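Hi there,

Here is the structure I promised to pass on.

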Amino acid sequence: MRHRKKGRYLGRSPSHRRALLRNLASSLFLTEGDFLFEHEEPYVKGRIITTLAKAKEVRPLVERCITIAKRVLPLLEEAKRMEPTAPRNSEAWRRWRQSEAWYEWNRKMAPVVAARRRILRMLGNNKEAVRVLFEKIAPRFVDRPGGYTRIVRLAKRRVGDAGVKAFIEFVGQNDRVKQRKTIRPEFSVETPKPSEPAPVKEATIDTPEAANVSQENPSN
């Protein structure tokens, strides 16, 4: 019987494994964020390189976080339209705070706050990763039903233990564009033109009457 055998142990205790997956998911989200210094920017945004086993384990966590954030985006947009333009703690803002519009805004924002807190627990209290997820990553996949990431195995193995390396990235940003091959004129093969049919010669019939006519008229 397979009791509690799902997933990979990755050579770690349960708490260490959870911390590892949280850090990998947060690192993938943070590659889409803003960086103060140029040397901090990743080589490719939306992509991290790790081992193949770790990439396969962190993929469900990443896609689950995106799905949770994507579901509450319509409510977040409605709540933003209901917010007042007056600065916070001003007299107009205080009147809005005591009106029925605030209660309607609160009903819209409640699921959004709950989703943020849920993802915050899943990512180990990384507020910056949650902010990048809600502002940049989740709006990109609003019309996509699933499959937000891809895993590509690398040919070069890890130095030391020769572990299989792979990178996990978001789809739709670094996709390859297929180009149609164009044949150069010097290598193009010309199709032969159809030949014209040969003229049909009139057939002569060898009969005794025709032989007598040719003897009587030798000029013909």
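Below are some notes on one helix and on the salt bridges.

First, some ground rules: this is a predicted model, in which local features need pLDDT of at least 70 and side-chain atom pairs count only at pLDDT 80 or more, while totals for chains, interfaces and linings use all residues. Residues are numbered from 1 along each chain as its sequence is written, and side-chain values use heavy atoms, with hydrogens and water left out.

Helices (H or I, at least four residues) and strands (E, at least two) are DSSP runs, numbered from the N terminus. Helix H2 covers residues 52-71. Of its 20 residues, 14 are buried, so H2 is largely enclosed by the rest of the structure. Buried means under 20% relative accessible area, exposed over 50%, and partly exposed in between (1.4 Å probe, protein chains only).

Now the charged pairs. A salt bridge here is a side-chain nitrogen of Lys or Arg within 4 Å of a carboxyl oxygen of Asp or Glu, and the whole structure has eleven. One of them joins Arg140 to Glu32 at 3.2 Å, N to O. These two sit in loops, 108 residues apart. Arg140 is partly exposed at 34%, whereas Glu32 is buried at 6%.

Another salt bridge pairs Glu169 with Arg47, with the closest N and O atoms 2.8 Å apart. Glu169 is in strand E3 and Arg47 in strand E1, so this contact ties together parts 122 residues apart in sequence. Glu169 is buried, with 2% relative accessibility, and Arg47 is partly exposed, with 23%.

Best wishes

Terms used: The expected span of a helix is 1.5 Å times one less than its number of residues.
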